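User: I have a structure open and would like to go through it piece by piece. Can you take my questions as they come?

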Amino acid sequence: MLAISALGVGLLQAPASAEPTSTTYGPDNPVLLESFYQPTPDGRAAADLTAPAPLAPLAPSSVRRPPGSPDADGRAAECMGQPGVGSVEGRTHNRFLWCQSLFVGSKVYSVDRKVYVGQAVFAMNAVAYGRDDGNRTVEVFFRSVPGSLRYLEGDRGELANAIFMVFADCKTWLDGCSSGGPSAAKRFADWNIDGSWHSWTVASSEYRGVGPDRVARHDWALTIDAYAPGTPDAGGEDLPSHRIRCDTAQVGFPKSRAKACIMDDVIPHLQYSLRSANYAEVSAHVHCAMTPGCQTWPGPRTDRVIPGRYTGNRNDPGLHRITDKFPVDASDNNRTYYSKNSTAKDAACATLPSWVLDRTTQQCDEFPFASTIEGAGKGDGNFSVLGVTSRHNSCAGNALGKFYRDDRILVWQPSLPNEALDTYYVEITDVPTSSTDDCLPPEDDPGEPNLPPTANAGPDTTGDEGFTIVLGGSVSDPDGSPPTAQWTYSPGPDSDPGMSCTFHDSRSANTTMECNDDGTVTVTLTAFDGVNAAVSDSAVVTVRNVDPRLRRLGELAPARAAATEDVEYGITAPQPWQVFRVGDPVPFRARFLDPGSNDTHSCAIEWDDGQASTFDSYADRCEATHTFAHPGMYTIKPKITDDDGGVSPAASVMVIVYDPDAGFITQGGWLDSPAGALAADPAARDRLTVEFNPKYLPPEPGPALSGGKVAAALRGTGFDLTSTTLDWLVVTPDQKAAVKGTGTVGGAAGYGFVAYGFDTPDAVRLVVWPLSAGDYPQQTLVYDNRPGKSYDLDLSDPQPLGGGSVQVHE
């Protein structure tokens, strides 16, 4: 709209050659202009179009680039003479040319009366050129046909002075599409006498493209708008949009054609004629191969489902181009897919009878072509081979090569996103062809010789199994476009069987890898420019072993949270301080972490009663069952060892084993409470009196008991403990005892305690904690006269009494 407003009122004056102006638009004469377009009745503009110029066919080595003006280009004149040019969609002549001849104009309405006044219409020509000369742009041209203006009703002066504007623009700018060039705005009277071309450049950013070829698709359209200063604007009208596809091809095209934009409104399809003097035999073979029920070889068979038949539906299974050098199959010794096709085809041809393939006069033709990923090497059996004369085979192959070049068929690569696939089809026609050009091989720019790319795998490096290892590779090409990169690896002789590695992005030179075992790995970075032989460079990665990890559940913060989500790692059974009766089985279960998923492991469990269990683990589990013969407090210690000698850090869990028939304990006396024992007053040092006499009463099965009590008080402080419940009693054969329960401190409930007693020498330990901190003593304590010592009875280290005694009764 800025271009229109800048025209000013002066342009509203009719030129001397136009009809006299009888009315001027403005506030005193408000009207509404509404632009429109319509097809031409006979497929072309009714006006006298410029006579087609002599065609200027492209030389085989020529790149496609837009001309300075369509007037000087025979391709535009040829397109304008074809069916469909006068439709509202125009004619997509081929992947590098679109043209249109249409009627455009404006209707005029009286704003105050809201009645139709009249309309003006003229014929226009539009041409859009794709290109493959190293630019990701499309050039759009527009002009009026001089003398084609027609006034339908209304005052010709009014209509002649209306402004009509045209510009080409992207439908959206969010996908990397942009448009450049000023709007073309003139009065209708001026459009009628000026047939000069106006142009716009529609450009594609390769940074928004997908896949290694940076493929991007964009929609653009011509927009028309009729306008008069001082009057309301009804808004512009978009003509039907057109799709373009732009790419930066890594392989399949010379460096001078690395970047291109083509028309994507048509489905690319190769046309072979059954009446061609040059390759009719190949056409007949392809036709049979794609026709359901036709007899194909080897076989004969009629049940093959061979892709590639052109039906006009983009969703049909089609073909995808490869080259004789790219890509390679990393899972098959880096053989090219083209080579695999050739090998499979040769094997099939060797089985053909002489009346199908006369080896003295014929060559063995294949379909799908060897230059497609769907060829014989795919391995699904859906291909056909047949004998054809050498000339027909050669001419058809050359025509296929030209099709790849002329229709800009991109090369298939592994793991391509769907948006980057370039699927094509084959159409068999009965249009006679006899041009010897069909048999000429496709040529490309001679130019300077294409230099090979370089690959650098980076320095040797070191990392840990199961963790990310950075590879600092790089590839480059002195001829400009970055070459295709591919990482592969090979485990060294010191690697265990089953060792494997994965790359985060095997097609990115600067990537990372991860291995499931330790050892040396040779990584190789290969660069390929689509022209020269691939080049490679290697580096050595030393992968270190990582020890397995086994921790008490809740103590382990998994290093790889995503992999361990919803999985309990550590010792899951028994629970800390879990109570068992003598003779009952104690199950042990643990899950461990080892980032080296290819490692094997053994488990060793010390049961703390002089016995141990050693066995091979399965998966990531260590599981066993043990029965304790005597009561006690047992600290169970598992150890995981991997096949590389890595040992898990220390981990343990303590269980309580009681026997209601083992005896009881009586104790009464005092001890000098050390400083630091009372958490509320660490400096307190005075006499602690302690009394306890727990006992299982017949026929109590345990673990809780009702006989006896536990009491303690620290002189000079408010600390005093009185038991309310006794949870269990342990009496060992070597005259040690421990009792756990709950009680009150200072008359307040909510405390737990464990009291330890040794008969010889007389010694006592008392541990008290708030039950809000847990069911057993952990970090938060109220009292402990042996702080920092183990809670295991054998290691509890009770304090000798200052007076009184401890008696353990069996």
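**Salt bridges and other local features**

Analyst: A network of salt bridges links Arg95, Arg217, Arg245, Asp247, Asp264, Arg408 and Asp422. Keep in mind that this is a predicted model.

User: Where is arginine 408?

Analyst: Arginine 408 sits in the loop between α7 (390–406) and β20 (425–429).

User: Is arginine 408 buried or exposed?

Analyst: Arginine 408 is buried, because its relative accessibility is 0% and the cut-off for buried is under 20%.

User: What is phi for arginine 408?

Analyst: Phi is near 55° for arginine 408, which is a positive value in a residue other than glycine. Most residues other than glycine have a negative phi.

User: Which other residue has a positive phi near 55°?

Analyst: Asparagine 333 has a phi near 55° and is not a glycine either. Asparagine 333 is in the loop between β16 and β17 (335–336). With a relative accessible area of 73%, asparagine 333 is exposed, whereas arginine 408 is buried.

User: Back to salt bridges. How many are there?

Analyst: The count is 35 salt bridges. Side chains of opposite charge can pair when their charged atoms come close.

User: Which residue pairs with aspartate 71?

Analyst: Aspartate 71 forms a salt bridge with arginine 143, and their closest N and O atoms are 3.2 Å apart. The pair links distant parts of the chain, 72 residues apart: aspartate 71 is in the loop between β1 (31–38) and α2 (74–80), and arginine 143 is in strand β5 (residues 137–144).

User: And how accessible are those two?

Analyst: Aspartate 71 is partly exposed at 44% relative accessibility. Arginine 143 is buried, with a relative accessible area of 8%.

User: What does arginine 405 pair with?

Analyst: Arginine 405 meets aspartate 406 in a salt bridge, at 2.8 Å from N to O. Arginine 405 is buried at a relative accessible area of 10%, while aspartate 406 is partly exposed at 23%.

User: What about aspartate 332?

Analyst: The side chain of aspartate 332 forms a salt bridge with that of arginine 335, at 3.4 Å from N to O. Aspartate 332 has 22% relative accessibility and counts as partly exposed. Arginine 335 is also partly exposed, with a relative accessible area of 29%.

User: New topic: helix α6. How many residues does it have, and how far does it reach?

Analyst: Helix α6 (residues 337–349) has 13 residues, and its first and last C-alpha atoms are 18 Å apart, close to the 18 Å expected at 1.5 Å a residue.

User: Which residues of α6 are buried?

Analyst: They are Tyr337, Lys340, Asn341, Lys345, Ala348 and Cys349.

User: What do the buried residues of α6 pack against?

Analyst: They pack against the strands β16, β17, β18 (362–367) and β19 (384–389).

User: Where are there cis peptide bonds?

Analyst: One joins tryptophan 297 and proline 298, with omega about 0°. Another runs from phenylalanine 326 to proline 327, with omega near 0°. Proline 298 is in the loop between α5 (280–290) and β16 (328–329), and proline 327 lies in the loop between α5 and β16. Most peptide bonds are trans.

User: Last one: what does serine 673 touch?

Analyst: Leaving out residues up to four places away in sequence, serine 673 touches Ala684, Arg685, Asp686, Leu688, Leu714 and Tyr783. Serine 673 is in the loop between β38 (664–672) and β39 (687–692), and is buried, with a relative accessible area of 3%.

Definitions and conventions: Residues are numbered from 1 along each chain as its sequence is written. This is a predicted model: local features need pLDDT of at least 70, side-chain atom pairs count only at pLDDT 80 or more; totals for chains, interfaces and linings use all residues. Side-chain values use heavy atoms; hydrogens and water are left out. Helices (H or I, at least four residues) and strands (E, at least two) are DSSP runs, numbered from the N terminus. Buried means under 20% relative accessible area, exposed over 50%, partly exposed in between (1.4 Å probe, protein chains only). Contact means heavy atoms within 4.5 Å. The expected span of a helix is 1.5 Å times one less than its number of residues. A salt bridge is a side-chain nitrogen of Lys or Arg within 4 Å of a carboxyl oxygen of Asp or Glu.
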